[in-house]
There are 2 protein chains.
Amino acid sequence: MNTQASSMQKPNAGAFQDWAQQQQARIEAVLARTLPAADVAPQTLHSAMRYSALGGGKRVRALLCYAAAELCNTELKIADAAASAVELIHAYSLVHDDMPCMADDDLRRGKPSCHKQYDDATALLVGDALQSLAFEVLAAPQLCANAHQQVQLLHMLAIASGSTGMAGGQAIDLGAVGKPLTQTQLESMHQLKTGALIQASVLLGAINGSTTQIKAVSEYARNIGLAFQVVDDILDVEADTSTLGKTAGKDAKSQKPTYVTLLGLVEAKAYAAQLYENAILSLVTYGEEARRLRELASFITQRQF
Amino acid sequence: MNTQASSMQKPNAGAFQDWAQQQQARIEAVLARTLPAADVAPQTLHSAMRYSALGGGKRVRALLCYAAAELCNTELKIADAAASAVELIHAYSLVHDDMPCMADDDLRRGKPSCHKQYDDATALLVGDALQSLAFEVLAAPQLCANAHQQVQLLHMLAIASGSTGMAGGQAIDLGAVGKPLTQTQLESMHQLKTGALIQASVLLGAINGSTTQIKAVSEYARNIGLAFQVVDDILDVEADTSTLGKTAGKDAKSQKPTYVTLLGLVEAKAYAAQLYENAILSLVTYGEEARRLRELASFITQRQF
C-alpha cells in the first residue's frame, strides 16, 4: 500500500525503527510493573488484565505520547504515566469491543481475545479494572510537581475516554451498522471512536508544551487521528487476518460504513495522504525536536498492519 | 428486622429524614446537570446513562460523603463532585453487574435494568462511560484550590474502583459461587466489592479533615461498609422483591455464600449490630458535627430495603 504523496519526507527508517522499538520495550516494561502481578488476589482478574494489556500491539498511542513529550520536554516519568494510561484505556476498549454483545471477535493481536481465553464476565471486569487503573496511574501521588498539570492530564483522559469521546464513538458506530453515512457523519464518528484517544495521547505527552507547541500538536493530532482510521479501513480491505492479528474484512461483513465504502479505495488512499501532509505541515516551524512526531505520521499512514 | 442492640442511639428520625431527603434531592440535581443531556449526541448512550444514574436508589454513598464533609468542613462544591463521582461509579457497577454475563438481573430500582431497557451493547458502553464521567467530574478544572488534594481524591476513587477495590471484589464474588467460604474470605470479598466504595465515599467527603478526623472516619467507614453488606444479605432473605426494587432471594438461588448462609440469620443480625456499635464508637470524641454520620450508621443497619 502506498497512501502517501510523492512529496513525503522519507525518515531514516532504521533510526526510527530503533527508536520505536526502544519506546515499545519501555512502555511494555512500564505496563508490566504497573499492572498488579498475576499472583496477587484476585488472581484470575489480574492474570486476565496482564493477558489483555501486555505483549502486543503497535503501541501507537504510547509512541505518540513519547514523541510529543520529546518535542515539549515533558519529564520522562510523566510521559511514562501518560503513555501507560492511554495504552490501558486502549486495551480496555479492545477487551470490551471484542465481547459477543459488541463486535464479537475471537481474535486479538494474533491470540484468542480476552473473553475467549477467559470468559465474558471476566472480560467485562478486566475492561472495567483497566479503565480504573489508567486513572490510578495518572493520579499517582507526586507524579507532577505541578498538581494543577496533573489534574489537567486526568481531565483530558476522562473526556477522551467518555461519552463524548471514545465510548461515545463506539455508541455511534453501533447505531450506524447498515446505515449510509455522509463523510461528515463518518468523520465525526471516528473523531470520537479512535481520534479522541489518539489526540489525547499526543496532548498528554505535550503537557509541558508552550501555547504555540500545544496548538501545533493539536492540529497534528487531529489529522493523524483521522489518518489512523482511514488507513485502518484500507487495511481491513487489503490486508489478511494473519498480518493484521485480528479478523480482516469484518467491516464489509458487518455492513459497517467505512472510508473505503464511502470514498472508494483510491480516494481513501489519497485522503490518507492528504491528512499526512496536513500533519507534517502543522509541525513546519519545528526541527529535530519534532522528528519523531513526523516519523510517526509516516509510520501511521504507511503501516501494513 | 431489628439488627441493633438495645444500647443503640435513637436519632431524631424526622430530622434525619429531612436531611437525607434534602441531600438526596441535591445529589439528584447535581447528577442531572452533570450527565450529558439526552438530546446531545450520541443520544441513545446519553439517554441510557441518565436512565441508569438518575431517579433512584437510596444514595447511601452520596449521603455518607455529605455527612463526612459536614464533620470535616469540606467545601460543598467538593462534596458535590465527590458524591457525584461515587454515585456514578456505583451506577456503572450496577449496570455491568446486571448484564447477562454477570448476575443477569432484569430488575433494578423497580425498573427494567439497563440492558433490558436498551440492549447489552448499550449497557456495556453506559457502564464504561459512567466510569469515565466519574473521573471527569472529580478532575474538573479548579475544583479544589489545593490541586494536590484533588489528585488525592482522584487517586482514592481509582483505587476503590479498580482490581483491588470494587472490580476485584466482583471478580472474587464470581469465582466464589457455589464454594464454601470462611468468614474471613467472605469479609475480604465484601471489603472489596462494596466496602471499598463505601469507604471511599466517606474518605472523599472527609478530604478536608485533620489526621485525627481521617483516622476516626476511616474506622467508621470500615465498619459501616461491612454492616451495609451484612444487612444486604439479611434483606435478600427477609424482604420481598417489590420492597427491594431488585430481585430478592437471588443469593440463595445462585448459591452465593452470604453472611446469612455462613452465620445464620440470628448471628448475622447480631454481627450487624456489633458493626454498628463499632462505627458509633469511632466517632465518640465528636459531637453534633458527627451527627449525620451517626444517623447514617443507624439508617444503614435499620433499613428495610
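Helices, of at least four residues, and strands, of at least two, are runs assigned by DSSP and numbered from the N terminus.

**Figure 1. Overview of chain A in the predicted model.** The structure shown in these views is a predicted model, with an ipTM of 0.92 and a pTM of 0.92. Chain A contains 15 helices and two strands. Of its 305 residues, 57% are buried. Among the contacts in chain A with a separation of 6 or more, 73% join residues 24 or more positions apart. The mean pLDDT of chain A is 90, and 90% of its residues reach 70 or more. In residues 1–13 of chain A the pLDDT is below 50, yet this stretch has 25 contacts in the model beyond near neighbours in sequence.

**Figure 2. The contact between chain A and chain B.** Each side is made of 43 residues, from chain A and from chain B. On the side of chain A that touches chain B, the elements giving two or more residues are helices H2 (43–53), H6 (120–138), H7 (147–161) and H8 (166–176) of chain A. H6(A) supplies the largest share, with 11 residues. By type, this side of chain A has 25 nonpolar, 15 polar and three charged residues.

**Figure 3. The axis relating the two chains.**

**Figure 4. Helix H6 of chain A.** H6(A) consists of 19 residues, and the distance from its first C-alpha to its last is 28 Å, close to the 27 Å expected at 1.5 Å a residue. Because 18 of its 19 residues are buried, H6(A) is largely enclosed by the rest of the structure.

**Figure 5. Leu157 in the nonpolar core.** The largest nonpolar core has 208 residues, and Leu157(A) and Leu157(B) have the most contacts inside it. Not counting residues up to four places away in sequence, Leu157(A) touches Ala85(A), Ile89(A), Ala134(A), Phe135(A), Leu138(A), Ala200(A) and Leu204(A).

**Figure 6. Surroundings of Phe228 in chain A.** Phe228(A) is part of helix H10 (residues 211–238) of chain A. Phe228(A) counts as buried because it has 22 C-beta neighbours inside 10 Å, the cut-off being 20 or more. Apart from neighbours within four places in sequence, Phe228(A) contacts Thr194(A), Ile198(A) and Ile300(A). Between the C-alpha atoms of Phe228(A) and Ser84(A), which are 144 residues apart along the chain, the separation is 20 Å.

Figure 7. In chain A, the peptide bond from Ala41(A) to Pro42(A) is cis, with omega near -5 degrees. Pro42(A) lies in the loop between helices H1 (13–34) and H2 of chain A. In chain B, the bond from Ala41(B) to Pro42(B) is also cis, with omega near -5 degrees. Pro42(B) sits in the loop between helix H1 (13–34) and helix H2 (43–53) of chain B.

**Figure 8. Loop residues of chain B with positive phi.** Asn73(B) is not a glycine, but its phi is positive, at about 55 degrees. Asn73(B) belongs to the loop between helix H3 (60–72) and helix H4 (76–97) of chain B. With 12 other C-beta atoms within 10 Å, Asn73(B) is exposed. Gln142(B), also a residue other than glycine, has a positive phi near 60 degrees. Gln142(B) is in the loop between helix H6 (120–138) and helix H7 (147–161) of chain B. Gln142(B) has 10 other C-beta atoms within 10 Å and is therefore exposed.

Technical notes: Residues numbered from 1 in each chain as written. Chains lettered and ligands numbered in written order. Predicted model: local features only at pLDDT ≥ 70, side-chain atom pairs only at ≥ 80, totals over all residues. Contact = placed C-beta atoms within 7 Å. Nonpolar A, V, L, I, M, F, W, Y, C, P; charged D, E, K, R; others polar. Core = buried A, V, L, I, M, F, W, Y, C linked by C-beta atoms within 7 Å. Expected span 1.5 Å × (residues − 1). pLDDT = per-residue confidence, 0-100.
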